[in-house]
Amino acid sequence: PNVGEEALRNLSCAAEEAQVPIIANSFRGRDAQLQDVSCTAGETDGDYTIIECSGLILASYQGEVNEFEVGSYRAVQEDGEWKVCGEAG
C-alpha cells in the first residue's frame, strides 16, 4: 500500500479496515490537505465516542480545488489506542 493507505490503516478500527483501500484511493493523486481542522471528543454512542471536527479537506481534481467539511467520526479504543471507526450518523 502507499503511505497514505498505511497511515489510514493505522488509524482505523478493525471493523473499518476493509474500507481503507477505498478511502485511500478516493484521495490518491488529489494533493489532499487539511485546513483549520480542530476536533473534540463529544458524547458516547454505545461503545463509541463521537469525535466532532470542524475544518476542511482540500482536494485538487482536474485543476480545481474541491472543499469538503471534515465532519464527525466514531472512535473506539482497540489495544490501548484510539481508532476511527467510520463517520458518525
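Is S72 buried or partly exposed? The model is predicted, and in it S72 has 26% relative accessibility. Buried would need a value under 20% and exposed one over 50%, so S72 counts as partly exposed.

**Stop 1: around S72**

Stay on S72. The residue sits in strand β3, which covers residues 64–78. Now show what S72 touches, skipping neighbours within four places in sequence. The contacts are I50, I51, E52, C53, E87 and A88.

**Stop 2: C39 and C53**

One of the contacts of S72 is C53. Select C53 together with C39. The two form a disulfide, with 2.1 Å between the sulfur atoms. Which hand does this disulfide of C39 and C53 have? The S-S torsion is about 110°, so the link is right-handed. C39 belongs to strand β1 (residues 33–45) and C53 to strand β2 (residues 48–61). The pair is 14 residues apart and links distant parts of the chain.

Colour by accessibility here. C39 has a relative accessible area of 42% and is partly exposed. C53 has 17% and is buried.

**Stop 3: C13 and C85**

The structure holds 2 disulfides. For the other selection, take C13 and C85, joined with an S to S distance of 2.0 Å. This link is right-handed too, with 60° about the S-S bond. Where do C13 and C85 lie? C13 is in the loop between α1 (3–11) and α2 (20–27), while C85 is in strand β4 (residues 81–87). The pair therefore ties together parts that are 72 residues apart in sequence. Both C13 and C85 are buried.

Counting bonded cysteines along the chain, the pattern is 1-4, 2-3.

**Stop 4: K83**

Remain in strand β4 and select K83. Its relative accessibility is 14%, so K83 counts as buried. What lies 2.6 Å from a polar atom of the K83 side chain? It is the backbone oxygen of N10.

Finish with the contacts of K83, again leaving aside neighbours within four places in sequence. They are N10, L11, S12, C13, R74, A75, V76 and E78. Among them is C13, the disulfide partner of C85.

Technical notes. Residues numbered from 1 in each chain as written. Predicted model: local features only at pLDDT ≥ 70, side-chain atom pairs only at ≥ 80, totals over all residues. Heavy atoms only, no water. Disulfide = S-S within 2.5 Å. Helix = DSSP H or I, 4+ residues; strand = E, 2+ residues; numbered from the N terminus. Buried < 20%, exposed > 50% of the residue type's maximum accessible area, 1.4 Å probe, protein only. Contact = heavy atoms within 4.5 Å. Polar contact = N/O pair within 3.5 Å; in protein donor to acceptor, adjacent residues only side chain to side chain.
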